[in-house]
Amino acid sequence: MQAIKLPTQPPSSPHPILNLSFRVFFSGAAVFAVLIMTLWAFVFTGHTDIDAQTLNPLYWHGHEMIYGYALAVVAGFLLTAVQTWTGVKMPYGYKLLAIFSYWLIARLSWLAFGLGLDVGAGLLLAAIFDMLFVASMAWVVFRAVLQVKQYKQMGILAKLALLTLGNGLCYWGIFANDMTVTKIGVYLGFYLIIGLVLTIGRRVVPFFIERGLAHDGIDVKVRNSKWQDVLSLVFFLTFFIIDLFYPNKYLLTITALGVAIVNLIRLAGWYHPKIWQKPLLWSLYLAFFGMSLSFILYALQPWLGFSHSLAVHALAIASVGMMTLAMMARVSLGHTGRNIHQPPKMVNVMFALMVLVFVSRAFLPIIAVEHYLLWVMIAQGAWISCFVLFCISYLPILSKPRPDGLFG
């Protein structure tokens with residue numbers, strides 16, 4: 001007699017925000033983006049004291065934008081996307097809460113340091129929980145990919161392993177009182193995040209453009225070519241090594257221009273005039289375009305003499321700012337069963353504010369450096385306003401059950 005297969009217990013979590021990782025990590029990242037930039041505005045203008053002997057305030061800012069904000073968005077995206085790519089169930093409920101808690105405790109410790117509170121114990125606590133966060137996230141992704149032998153994801157896995165190394169170098173430099181090591185850890189993390197954005201972006205942006213335009217009956221095929229992928233990777237990897245370890249203005253210019261040109265050609269192949277009618281498409285497109293412009297700034301910087309920091313911030317805002325914001329806005333709707341063709345009304349304002357951040361922080365100081373402080377403060381204010389609007393528009397979506405009643 002054949003055994004009767006009873007239906008398995010459907011998944012459940014204590015709150016909808018813990019159903020899938022993008023819900024809790026995108027929410028946490030958005031709130032953190034407001035808090036960390038507000039605190040940085042006080043630090044930048046000298047109203048809050050950071051122990052500069054323990055850590056250069058610039059590296060405090062850089063670490064938390066990369067390993068705090070950006071890595072939370074990466075965690076939310078990857079722990080959701082890997083489930084789609086592999087079919088392996090990702091952590092939810094209390095297991096997901098544990099991974100998120102590691103990130104949250106580390107962030108609160110870094111915020112306390114920024115406020116000038118207990119330095120030694122706070123950073124030690126941050127180091128422990130930051131390592132737990134990155135290691136647990138990487139382990140979940142590694143296990144799922146290896147379980148289904150999806151070896152094409154090995155590039156992403158390698159970047160996660162190197163991000164763990166980069167974060168470790170930051171803490172090693174702090175505790176060994178070696179700012180050079182901390183700087184390497186910060187920049188290693190930054191360029192690895194850029195590499196992840198380039199890798200994931202080249203996959204999802206064409207897909208989103210095709211799907212978005214198909215809704216309006218426009219049959220468009222957006223493709224990447226193998227030579228674009230290879231050249232972009234080779235130029236970017238060489239650029240990254242040169243800028244971080246072997247500063248040579250000739251090689252830096254050649255490799256930065258190489259990355260820019262390859263991706264501008266890629267963007268030309270992705271273009272369709274109808275994207276400007278859809279904020280969830282033009283925001284992604286502009287983010288990629290902004291990254292290409294940023295590499296042109298890197299190429300020009302040694303010859304025009306403006307600050308290297310302006311090129312770094314341009315690339316950071318286009319990728320860590322605009323691209324992550326656009327991805328969160330799109331993914332949060334699609335994976336909660338909402339209509340991606342009817343985003344919240346504030347998305348246009350959000351994306352416009354991020355464009356203002358990009359222009360004010362990276363380009364206006366080149367044109368009128370005498371107003372540098374003003375441009376930075378405008379950029380900080382626009383960033384904070386942008387993420388406040390995201391929280392108002394998206395936190396209710398991320399914290400409520402799907403309208404169709406499905407788990408996710």
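## About the model

The model is predicted: local features need pLDDT of at least 70, side-chain atom pairs count only at pLDDT 80 or more, and totals for chains, interfaces and linings use all residues. Residues are numbered from 1 along each chain as its sequence is written, and side-chain values use heavy atoms, with hydrogens and water left out.

## Helix α2

Let's begin with helix α2, residues 57-86. Helices here are DSSP runs of H or I with at least four residues, numbered from the N terminus. The expected span of a helix is 1.5 Å times one less than its number of residues.

How much of α2 is buried? The count is 26 of its 30 residues, so the helix is largely enclosed by the rest of the structure. Buried means under 20% relative accessible area, exposed means over 50%, and partly exposed is in between, with a 1.4 Å probe and protein chains only. At the start of α2, a side-chain oxygen of N56 comes to within 2.8 Å of the backbone nitrogen of L58. After the helix comes G87, with a positive phi near 80 degrees.

F22 belongs to helix α1 (residues 21-44) and, at 0% relative accessibility, counts as buried. Contact means heavy atoms within 4.5 Å. Not counting residues up to four places away in sequence, F22 touches S27, G76, T80, V331, S332, H335, T336 and L398. F22 and T80 are 58 residues apart in sequence, while their C-alpha atoms are 6.2 Å apart in space.

Q380 sits in helix α12 (residues 372-398). With a relative accessible area of 6%, Q380 is buried too. Leaving aside neighbours within four places in sequence, the contacts of Q380 are M37, W40, A41 and F44.

## Helix α7 and its neighbours

Helix α7 covers residues 226-245, 20 residues in total, and reaches 28 Å from its first C-alpha to its last, close to the expected 28 Å. Its buried residues are Q228, D229, S232, F236, F239, F240, I242, D243 and L244. What do they pack against? The partners are α6 (179-214), α8 (249-270), α9 (279-304) and α10 (308-334).

## Aromatic pairs and charges over rings

The whole structure holds 36 aromatic pairs. Rings of Phe, Tyr and Trp (its six-membered ring) pair if their centres lie within 6.5 Å; planes under 30 degrees apart count as stacked, over 60 as edge-to-face and the rest as tilted. F207 and F208 have ring centres 5.9 Å apart and planes at 50 degrees, so this pair is tilted. F207 is partly exposed at 39% relative accessibility, whereas F208 is buried at 8%. F236 and F295 make an edge-to-face pair, 6.2 Å centre to centre with 85 degrees between the planes. This pair links distant parts of the chain, with F236 in helix α7 and F295 in helix α9, 59 residues apart.

A charge sits over a ring if NZ of Lys or CZ of Arg is within 6 Å of the ring centre and within 35 degrees of the ring normal. R203 lies over the face of W85, 5.2 Å from the ring centre, and the charged end of R330 sits over the ring of F208, 4.0 Å from its centre.

Note on methods
Helix = DSSP H or I, 4+ residues; strand = E, 2+ residues; numbered from the N terminus. Polar contact = N/O pair within 3.5 Å; in protein donor to acceptor, adjacent residues only side chain to side chain.
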